[in-house]
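Reader: I would like to learn how to read the packing in a model such as this one. Please take it feature by feature.

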Amino acid sequence: MIQRAFGGLTAWVSAHPIVSFVVFFAIFPFLVPYESLATQVLIYGLFALGFNLLYGYTGLLSFGHAAYYGLGAYATGIALAKLKVTSLWLALGLGLAAAVVGGALVGFLCLRRRGIYFAMLTLAFAQMLYFIAFHAADLTGGDDGLRGIPLHPLGLPGTSLSLRHPLAFYFFAYVLVVLAVAGLKRILDSPFGAVLQAIRENSDRAVACGYDINRLKLLSFVFSALFAGLAGALDALRLTVVPVEALYWSTSGQVVIMTLLGGAGTFFGPFVGAATYLVLADRLSIFIEFWPLVIGVIFMAFVLFLPRGIWGTMTTRGVQR
Amino acid sequence: MPDVSLIALTAQAFTGLVLGGILVLMAIGLSLIFGLMTVVNFAHGSFYMLGAYVAFSLLVLTKSFWATLVLAPLVVGTLGFLVERLLIRRLYGRSPDDPLLLTFGLSLAMVEGVKLVWGKVGLTVDPPRQLAAPVDLGFMTFPVYRLFVIAVTAVVLLALWLFLEKTNVGLIIRAGSRDALMVRALGLDLNRIWLLVFGIGIGMAGLAGVLAGPMRGVYAEMGVEIIIECFVVVVVGGMGSLAGAIIAGLLMGEIVSLTTFFAPKLAEIVVFVVMAVVLLVRPSGLFGEAGLAE
């Protein structure tokens, strides 16, 4: 009985993704121990959503998504802290632009090699950006991170809104993430989205159907970088600092883990995964100093036994019953 | 520009050879494992790190560098057997992304596990007393230990080459990396061969870690740092190509070493620039066959 109700709920959520997302995340900050955890889930969920477009839907495993998250964070942060830009919108726009340009360049290079090389190449280029940020201390703050990012009031038509209260910031991020989620839905429902999934299932057949799959893969890569860049830009505002670790391989690894925990290639998997990861990390770090060890073991168990992830396993079961 | 004397430059080139040798030992194992079973072993660097840590403990235990040099790769290689048998074997037949993801999780666990056992602070290992002194080569002096590392690398490579080219098992390994299905059809048990190759590759990573410890120190993150360099080497050399791994490894060692000499800040970045150029000019790598496992 409970299982049937649960199956019905997941089926309804899958059928009405945007409404479910809007409703759930409107009450989410009141369900978690502190609001900033809710904001973190939103932002990392968005980051994972971008990764999921590339891995889950297009079948390209990137181990370097820290690059676009970091580019978005640094460009937004540098605009506000160093270039003295006062408009948050402009700063966010610059963050997105940096991520898109970076994604297009790196994507072009990485897509020259197919298959398993792709993962290695994305990782290598992300690490290159990390070293550049590390050494260009005048611009990025280097090892100390980029500090002193002012959180200006958000300019809106006729008024301006302070984002200093955690809830105000949460709902600012919420609006942008809802737009991104709706955008992803639009992409996936379009013919372009259908071809991406065809590439994932059988790229030879997609070629045979006459699609220029390299161009489509690159486009998917750039969209993916755009979402990751928005996540990075929002995180720079949330923390008012960009640590150089934003570009480190461990950040890329985090988003891989989150997406696979939640379920790669599922619509809500990235958010389920981000919430699971962040709550786990938050709780585990209280008891165990070496909590990433536990996360690593859980992740291995998921790859071996639950490759569909949490949300993927729940929804397939719901459909079958 | 620093005062460039020919002798200092030669010394730096020798250092590059040492660094390159370590990279070659790593990249060959990675390449061999990939060529045979299309597994990209993300944890390869972590076994290198483990080799260095195990060597530290074995040195304390046995007080003999020579015993450690032999035992530590065996210990690490045995762990490699277990990892293939218990974890990676379950993933054959699934997407090649899955073993990569699994070994990523494994390397994450290993980095933390090592901190749990040996502590968070890095360790230092001294080279053996017989090899600690610098040697006079006539025109310059150079640490004997580094020459020793070059010699060990050369011996291991020669042994591996003889094993692959002159033994029956080597023949099966080479055949298996060309066409696994056909080798199976001929009635050969490839599972045992895969286990063996995985163990050998991991053992070589362990050996590289043992050798690198006295030069570069022993710390938990050393593995992930080198795995990224190894990925660059196999992308440049062409995955599955042993000659490519050797030449690209030595090339990368020299490039890093010489850039460190002229522009230290660029040393960490230049390898990636070289990789990008190779990708633009020769997308399949210097020695790669286009289409291999792609």
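**Helix pairs**

Author: Two packed helices are described by the angle between their axes and the distance between the axes. In chain A, the axes of helix 2 (residues 17-27) and helix 8 cross at roughly 165° and come within 10 Å. Axes here are lines fitted to C-alpha atoms, for helices over the stretch in contact, and angles run from 0 to 180 degrees between N-to-C directions. Helices are DSSP runs (H or I, at least four residues), numbered from the N terminus. This is a predicted model, in which local features need pLDDT of at least 70 and side-chain atom pairs count only at pLDDT 80 or more, while totals for chains, interfaces and linings use all residues. Residues are numbered from 1 along each chain as its sequence is written, and chains are lettered from A and ligands numbered from 1 in the order in which they are written.

Reader: How is helix 2 of chain A oriented to helix 8 of chain A?

Author: The angle makes helix 2 of chain A roughly antiparallel to helix 8 of chain A. The classes are roughly parallel under 35 degrees, roughly antiparallel over 145, roughly perpendicular from 65 to 115, and oblique for the rest. The crossing of these two helices is right-handed. A crossing is left-handed if the near helix is turned anticlockwise from the far one by less than a right angle, and right-handed if clockwise.

Reader: Which residues of helix 2 and helix 8 of chain A meet?

Author: Contact means that the C-beta atoms of two residues, placed from the backbone, lie within 7 Å. Helix 2 of chain A brings A:Pro17, A:Ile18, A:Phe21, A:Val22 and A:Phe25, and helix 8 of chain A brings A:Tyr174, A:Val178, A:Val181, A:Ala182 and A:Lys185. By class, the residues of this contact are nine nonpolar, no polar and one charged. Ala, Val, Leu, Ile, Met, Phe, Trp, Tyr, Cys and Pro count as nonpolar, Asp, Glu, Lys and Arg as charged, and the others, Gly among them, as polar.

Reader: Is A:Val178 buried, exposed or partly exposed?

Author: A residue is buried if 20 or more other C-beta atoms lie within 10 Å of its own, exposed if 12 or fewer, and partly exposed in between. A:Val178 counts as partly exposed because it has 16 C-beta neighbours inside 10 Å. A:Val178 sits in helix 8 (residues 166-189) of chain A. Apart from neighbours within four places in sequence, A:Val178 is in contact with A:Phe21 and A:Val22.

Reader: At what angle do helix 2 and helix 3 of chain B pack?

Author: Helix 2 (residues 44-62) and helix 3 (residues 65-86) of chain B pack at about 135°, with axes 8 Å apart. That angle makes helix 2 of chain B oblique to helix 3 of chain B. The crossing of the two is right-handed. Residues in the contact include B:Phe47, B:Leu50 and B:Gly51 of helix 2 of chain B, and B:Phe65, B:Ala67 and B:Thr68 of helix 3 of chain B. The contact divides into 13 nonpolar, four polar and no charged residues.

Reader: Where is B:Lys63?

Author: B:Lys63 lies in the loop between helix 2 and helix 3 of chain B. Although B:Lys63 is not a glycine, its phi is positive, about 60°. B:Lys63 counts as exposed, with 9 C-beta neighbours inside 10 Å.

Reader: What is the handedness of the crossing of helix 1 and helix 6 of chain B?

Author: That crossing is left-handed. Helix 1 of chain B and helix 6 (residues 144-166) of chain B pack at an angle of about 35°, and their axes are 9 Å apart. Ten nonpolar, three polar and one charged residues make up the contact.

Reader: Which residues touch the most other members of the largest nonpolar core?

Author: In soluble globular proteins, nonpolar side chains tend to be buried together. A nonpolar core is a set of buried Ala, Val, Leu, Ile, Met, Phe, Trp, Tyr and Cys residues joined through C-beta atoms within 7 Å. The largest one here has 202 residues, and A:Ala124, B:Met26 and B:Val232 touch the most other members. Helix 1 (residues 6-37) of chain B gives the largest share of this core, 15 residues. Beyond its neighbours within four places in sequence, B:Met26 has contacts that include B:His44, B:Tyr48 and B:Ala205.

Reader: How many residues does each chain give to the contact between chain A and chain B?

Author: Chain A gives 33 residues and chain B gives 33 residues. On the side of chain A, helix 6 of chain A provides the largest share, twelve residues.
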